[in-house]
Amino acid sequence: MAGAYARAAFVLALGCALAAVAAGQEWLRAHATFYGGADASGTMGGACGYGNLYAQGYGTRTTALSTALFGDGASCGQCYKLVCDRKTDRTWCKPGVSVTVTATNFCPPNWSIPSDRGGWCNPPRPHFDMAQPAWEKIGVYRGGIIPVIYKRVSCVKKGGVRFAVNGHDYFNLVLVTNVAGPGSIRAMDVRGSRSPDWMPMARNWGANWHSLTYLTGQGLSFRVTVTDGQTIVFANVVPPNWRFGQSFASNLQFKL
Ligand SMILES: *[C@@H]1O[C@H](CO)[C@@H](O)[C@H](O)[C@H]1NC(C)=O
């Protein structure tokens, strides 16, 4: 990433727009770097908790978000369309291309570097640290960092929403993956098959939601509300004989 530092003065001159979190659909300014290697193997895992991104269907079209965009995990699963800003950088921007990525990770601040000389992910900068193959769709490798314009877009996913049940008795940690539409979850409840009541779940970390209710041995239903307000009830998506560590696919999906 030596190229990134060499270009710091140039980037500084851009006068980066410190855009607020992308709530609307307008194009906003940010910058983008890459990580994780040419095969994106270094992007597996990540602060949203999706684990193996190939197996989960996210592939190499993924990004880490800076503090300003990550929202403490609330943005996990959101999709962004990025274009390299060729008006600002003709050298390292590839022309006429865009790439759409899903937020799967957090790009932490590094307080020992100024935000205009390498601390790209420091608040309040909006910044995308993208999986290298996704970044190379729009940027030339040697550039290291590129100016981008971006907007939130609907996530297109194959198949239904999936749930992985982890944790232990009295602590169910449920990872929700493959969420289409807005991609990010606002609220979630669980209902055991022996209970008449929905119990609220809380975001634990990333796309993991937890419940402290004793649910072992019961079938599980989830009621999920995504950030555009759509709600789906995934009735009995988890059968009563589930074990911790198992994943379950629904055949329901949010609208784009
Ligand atoms: C922060 O940046 C400094 C200087 O480049 C580097 O030595 C250090 O490893 C970085 N810290 C983290 C946590 O990445």
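## Reading the strands and domains

A: Asn166 faces Leu173 of β8 across a strand pair. Keep in mind that this is a predicted model.

Q: What joins strand β7 to strand β8, and in which sense do they run?
A: Strands of a sheet pair through backbone hydrogen bonds, either parallel or antiparallel. Here the two strands run antiparallel.

Q: How many residues lie between β7 and β8 in the hairpin?
A: There are 2 residues between them. Look at Tyr170 in the turn: its phi is positive, at about 65°.

Q: Which strand does β7 pair with through 4 bridges?
A: That partner is strand β15, residues 246–249, and the pair is antiparallel. Ala164 sits opposite Ser247. Val165 has Gln246 as its bridge partner.

Q: What is the strand order in the open sheet of 5 strands?
A: Read across the sheet: β11-β12-β8-β7-β15. The pairing is antiparallel.

Q: Why is one side of β11 and of β15 left without a neighbour in the sheet?
A: Both stand at the edges, and each has a single partner strand, so one side of each has no neighbour in the sheet. Strand β11 spans 202–205. On average, neighbouring strands in this sheet are turned by 35° against each other, direction ignored.

Q: Which strands make up the closed barrel, and in what order?
A: Follow the 6 strands as β1-β5-β2-β4-β3-β6. The barrel is closed, and its pairing is mixed. From one strand to the next, the twist averages 45°.

Q: In which sense do β1 and β6 pair?
A: They pair in the antiparallel sense, over 5 bridges. Strand β1 holds residues 28–35 and strand β6 holds residues 146–153. For a landmark, take Ala32, whose bridge partner in β6 is Ile146.

Q: How many helices and strands does the chain have?
A: Count 4 helices and 15 strands.

Q: Where does the domain assignment place domain 1 and domain 2?
A: Domain 1 runs over 2–153, and domain 2 over 162–249. Their C-alpha centres lie 30 Å apart. The contact between them takes 14 residues from domain 1 and 12 residues from domain 2.

Q: By class, which residues are on the side of domain 1 that touches domain 2?
A: That side has 6 nonpolar and 8 polar residues, with no charged residues.

Q: Which residues does UniProt list for the Expansin-like domains?
A: The unreviewed UniProt entry places "domain: Expansin-like EG45" at residues 45–160.

Q: What is the helix and strand content of residues 45–160?
A: That span is 9% helix and 28% strand. Its end C-alpha atoms lie 21 Å apart.

Q: And what is the content over residues 170–250?
A: Over residues 170–250 the chain is 0% helix and 54% strand. The end C-alpha atoms here are 24 Å apart.

Q: What radius of gyration does the chain have, and what would a compact globule have?
A: The chain has 19 Å. With 256 residues, a compact globule would have a value near 18 Å, which agrees. Along the principal axes, the C-alpha atoms fill a box of roughly 65 × 35 × 30 Å.

Methods: Residues are numbered from 1 along each chain as its sequence is written. This is a predicted model: local features need pLDDT of at least 70, side-chain atom pairs count only at pLDDT 80 or more; totals for chains, interfaces and linings use all residues. Two strands pair if DSSP finds at least two bridges between them. Axes are lines fitted to C-alpha atoms, for helices over the stretch in contact, and angles run from 0 to 180 degrees between N-to-C directions. Domain bounds come from an automatic or database domain assignment. Two residues are in contact if their C-beta atoms, placed from the backbone, lie within 7 Å. Ala, Val, Leu, Ile, Met, Phe, Trp, Tyr, Cys and Pro count as nonpolar, Asp, Glu, Lys and Arg as charged, and the others, Gly among them, as polar. The radius of gyration is taken over C-alpha atoms; the globule rule is 2.2 Å times the number of residues to the power 0.38. UniProt positions are given in the numbering used here, feature names are shortened, and annotations may be inferred rather than shown by experiment.
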